[in-house]
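Hi,

Here is the structure I promised to pass on. Have a look at it first, and then read on for what turned up when I went through it.

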Amino acid sequence: MNIPSKDFTIDHNSKLPLHVQVEELFRKLIVMEEYKKGALLPKETDLANLWGVSRNTIRQATNKLEHEGLIIRKKGIGTRVAEKKSLVTGLDHWYSFTREMQEKGVEVINQSLKTSTEQPNEEICHFFNCPPDKKIFKLSKLKGENSGDPIVYFESYFHPRIGIDKNDDFNTPLYSMLQEKHGVIVHRSRENISACQAGTVIGKKLKISASFPVLKRERFVYDINGKPVEYNVGYYRSDKFTYTIDINKSPEN
């Protein structure tokens, strides 16, 4: 069992629940090179003994990773990291894209980043309730893995009252930065999801043809008081990203 003891320990005095700590350790474990290449993950009993937790705690964490499609378990054989086909995110919770990918053990970087001030279109003016001649701050980001093709291109517009500007650190998770620097706590988003062709401009950014299908996601973000914070539109390469929706059936009368 090749696990660096220094970086893979459980703090039994922490207020963070054990199953959450175990889940975080698993997310670090599955991005280790040997496991990414197909080696079996350590047995649950061995990890339970190593970390001083119950097998139920281990199983609680692995169930979540299996549900997310990150690991595959086969009875009588063991557990392996799932072959990576495309990045997956769900609609039951949301963070900044960087934070979402960090939770899945995937490191993404800004392959390009640009800031500007622009006059908003009619839809953004309506959302922010601002006049059409009022210039607002725009952030454009192209994100992908460190040594790979781009995954998604984002354009974000921010309400003028926030005071965001080009001197802010956009290499940190966006919503953490908004809270720490500007005191803005995002609370809710409304999203529109559709499929479309990339087109010439987006296709060039994502290194795909103009006719290539992309997933377009519009996000309208509100703070804890229900005030608009951000309008964001993202264009995801359909061969590298998947949205999942987990819905419970309502009880019938």
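Let's start with a pair of helices: H1, covering residues 18-29, packs against H4, covering residues 55-67, at an angle of about 55°, and their axes are 8 Å apart. Angles of 65 to 115 degrees would count as roughly perpendicular and those under 35 as roughly parallel, so H1 and H4 are oblique to each other. Their crossing is right-handed. On the H1 side, the contact is made by Leu18, His19, Val22, Glu23, Phe26 and Arg27, while H4 brings in Thr57, Ile58, Gln60, Ala61, Thr62, Lys64 and Leu65. Sorted by type, the residues of this contact come out as six nonpolar, four polar and three charged. Before you go further, please keep in mind that this is a predicted model.

Now for the charged pairs. Side chains of opposite charge can pair when their charged atoms come close. With a cut-off of 4 Å between the side-chain nitrogen and the carboxyl oxygen, the count comes to 14 salt bridges. I'll pick out a few of them.

How exposed are the two partners? Glu23 counts as buried, because its relative accessibility is 11% and the limit for buried is under 20%. Lys64, on the other hand, is partly exposed, with a relative accessible area of 40%.

Next, look at Lys138 and Glu155, whose side chains meet in a salt bridge at 3.5 Å, N to O. This pair also links distant parts of the chain: Lys138 is in strand S5 (residues 136-145) and Glu155 is in strand S6 (residues 150-158), 17 residues apart. Are these two buried or exposed? Both Lys138 and Glu155 are buried.

Then there is a salt bridge between the side chains of Arg161 and Asp223, again given as 3.5 Å from N to O. Arg161 is partly exposed, at 39% relative accessible area, whereas Asp223 is buried, at 10%.

Glu44, Arg55, Arg59, Glu66 and Arg73 are linked in a network of salt bridges.

Most residues other than glycine have a negative phi. Asn129 is not a glycine, yet it has a positive phi of about 55°. You'll find Asn129 in the loop between helix H6 (122-128) and S5, and it is exposed, with a relative accessible area of 70%. Lys207 is another non-glycine residue with a positive phi, in this case about 60°. Lys207 lies in the loop between helix H8 (199-206) and S8. With a relative accessible area of 58%, Lys207 counts as exposed, because the limit for exposed is over 50%.

Cheers

Terms used: Residues numbered from 1 in each chain as written. Predicted model: local features only at pLDDT ≥ 70, side-chain atom pairs only at ≥ 80, totals over all residues. Heavy atoms only, no water. Axes fitted to C-alpha atoms, helices over the stretch in contact; angles between N-to-C directions. Helix = DSSP H or I, 4+ residues; strand = E, 2+ residues; numbered from the N terminus. Parallel < 35°, antiparallel > 145°, perpendicular 65-115°, else oblique. Left-handed = near helix turned anticlockwise from the far one by under 90°. Contact = heavy atoms within 4.5 Å. Nonpolar A, V, L, I, M, F, W, Y, C, P; charged D, E, K, R; others polar. Buried < 20%, exposed > 50% of the residue type's maximum accessible area, 1.4 Å probe, protein only.
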